[in-house]
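Dear colleague,

I am passing on the structure below, together with notes on what was found in it. Please read the notes with the structure open beside them.

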Amino acid sequence: MRADSAGSRPRAAALDPRAPTRIRAAALAGLAVLAAIVPATLPSYWLTIATLALIYAIMAMGLNLLMGYTGLDSLGQAAFFGLGSYGLAILLVKDGVGWWSAALAAVVLGTAGAAVLGLIAVRLRGLYFLLVTLAMGQVLWGADYRWGTFTGGANGLELGGGRPSPWFYSDANFYYFTLGIFAAVAALVSLVIASPFGLTLRGIREREVRCQTLGYRTYIHKYVAFILAGVAAAVAGILNAAYNGIASPSDLSIDQSFTAMLMVILGGAGTMAGPVVGAVVMTALKYELSTLWVDYWPIILGVIYVLATVYLPNGIVTGAAGLLSRAGAPKRAVEQEPAGEGGPAAGGARGARDRRGPGPQWTVSPRPHAGGRQQGLR
Amino acid sequence: MLGGVSKAFGDLRVLTDIDLSVGAGQRVGIIGLNGAGKTTLFHVISGLEPPTRGRVVLFGREVTRTSPSGRAALGLSRTFQVTLLYPRLTVRENVEVALLGSTYRRYRLRLWRPLRTHGDLRTRSRELLETFGLWPLANVEVRHLSYGHQRQLEITLAIAVDPALLLLDEPTAGLSVAEMAAMRRLLASLPRHLTVLVVEHHLEVIFELVERVLVLHQGSIIMDGPPSAVRTDRQVQDLYFGAHAAAQVARQTGGGVLNADRRDEWTKGQADRREEWNRGH
């Protein structure tokens, strides 16, 4: 048990916690600059990919709270993505509501949807949770077709523009708008991960039974995580509809849920950066490859899934961190380390250090870094 | 505390009409052979297994249908025979999960402030780790800990929730000699006001810790009394030594009744125990 989970993550706790924080800040600043110059430097085709990648990253970060931190694998994110996009579309087109009010109402709709469906879903775990979330997405997808007069059926619902104001019709401006929302969601998610609540989620992921005997009503925690993931998906759905100018049935399809899940797994579940990396890689692949071989995307998706599961079971971020630490660059590895795993642990060491003052510090170094493959094992 | 509790898994009757009452602050040891129903008894008390029949009353409240978390909220805490920790959390995070489930439950749904800014919680987790000698390992992920340290952390978590009643399920199982000594010190340092039920195979550990011993055999309590009485009881002696003798024969003939780690403790403690018993007679 200890053996099979070992080796997947380098021992952030064993390393000096201060340097990674600085490096992490520097890396974040660098990424922010890169993200900011995308519209000026890349052709519009890549700007589209970047915008969509950010939108999907928002959904994937939310799903990661559920999958990576709480240990609940959901295949129903399309339901909330669709509630967001169709909520916006219906309010804009059918009811003539103003954009910002419609967007806000669509977020509320997605939240309410997650609150209702979550009541059922979080009572289950494992495969049953997966199947019930899948079924929820499928029910909404079916409803979309059934009430075609209301939702536009297979044609979807055109928003007739669908962006808040003329300023947003510049793709560069919309990209910055999306980037801003992405940054806000990322900040909120990392705050949740570092919060007491975030720790309880990881506790539930690791051993739900123990949490119960320690006095937790774990379903409340799972329920809150489920709602947070739903809200993120709804926000992504709204942005997606506004960007594409349409709410389409594909928003609600199983493909959508599956893509979100794959982004989390491919990037690295339970790491802060993982879902973002996954979203960027998957979106870029999807657009690049599907221009080469139109209609083959589902097949390619399947192949990626198989390859990722076999060769990168813990995701790109974790895999890269492992490679870097094996190559003798442990600090870089920690920078790649998830906030959830490295963050609180590093924070703990820092807190302890602060109180102890500058005296000699104990360091915990279970084993040398050149541990090779078996590094987790001792 | 337990009224006529029975538990059966299908046709297998594990507990039969257990009546047991434990006063506040009492320390009770439960001994018995493997399969006597000791762990099942703990599961029934802590709510992980519903009893087939009978009632469970904790702190004067009927809790037969109360969930494990509900019973924990009343002040019940337990350890597990198989360590049930959070392997990919650090030692300190393990303790903090326990604190967030109990003393600091008011923080547990806080999403908007980093954990490390909660000074009182952080201080308490540090205190606990220092008390239990685990502070130097605070930032190590639990899956990298030695087994002995994991057992100690197991008890630290159970204590961290500030319980009124503590159930310890084989705290010394599988420990090395040195780890055993550390564990015995830890057990001796448990706060006096705590009501403790401890299942244990090492009789010397039981006898130095408790003032009352229950002997569980095939799902029934066959003996209930102070350690001195249990120690000199003919039936218990027959049970333990009789079973041991039988097992030894089985082992010699390749029957293999005992598992390896149990074999050690028998051969180790046997001489002492016999001497003690003889002195008692």
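At 1% relative accessibility, H118(B) counts as buried, a word used for under 20% relative accessible area, with exposed meaning over 50% and partly exposed in between (1.4 Å probe, protein chains only). H118(B) lies in the loop of chain B between α3 (91–101) and α4 (119–131), helices being DSSP runs of H or I of at least four residues, numbered from the N terminus. Beyond its neighbours within four places in sequence, H118(B) is in contact (heavy atoms within 4.5 Å) with P196(A), Y107(B), R110(B) and R113(B).

This is a predicted model, in which local features need pLDDT of at least 70 and side-chain atom pairs count only at pLDDT 80 or more, while totals for chains, interfaces and linings use all residues. Residues are numbered from 1 along each chain as its sequence is written, chains are lettered from A and ligands numbered from 1 in the order in which they are written, and side-chain values use heavy atoms, leaving out hydrogens and water.

Leaving aside neighbours within four places in sequence, L88(A) is in contact with residues including W99(A), L159(A) and I238(A).

Conventions:
Helix = DSSP H or I, 4+ residues; strand = E, 2+ residues; numbered from the N terminus.
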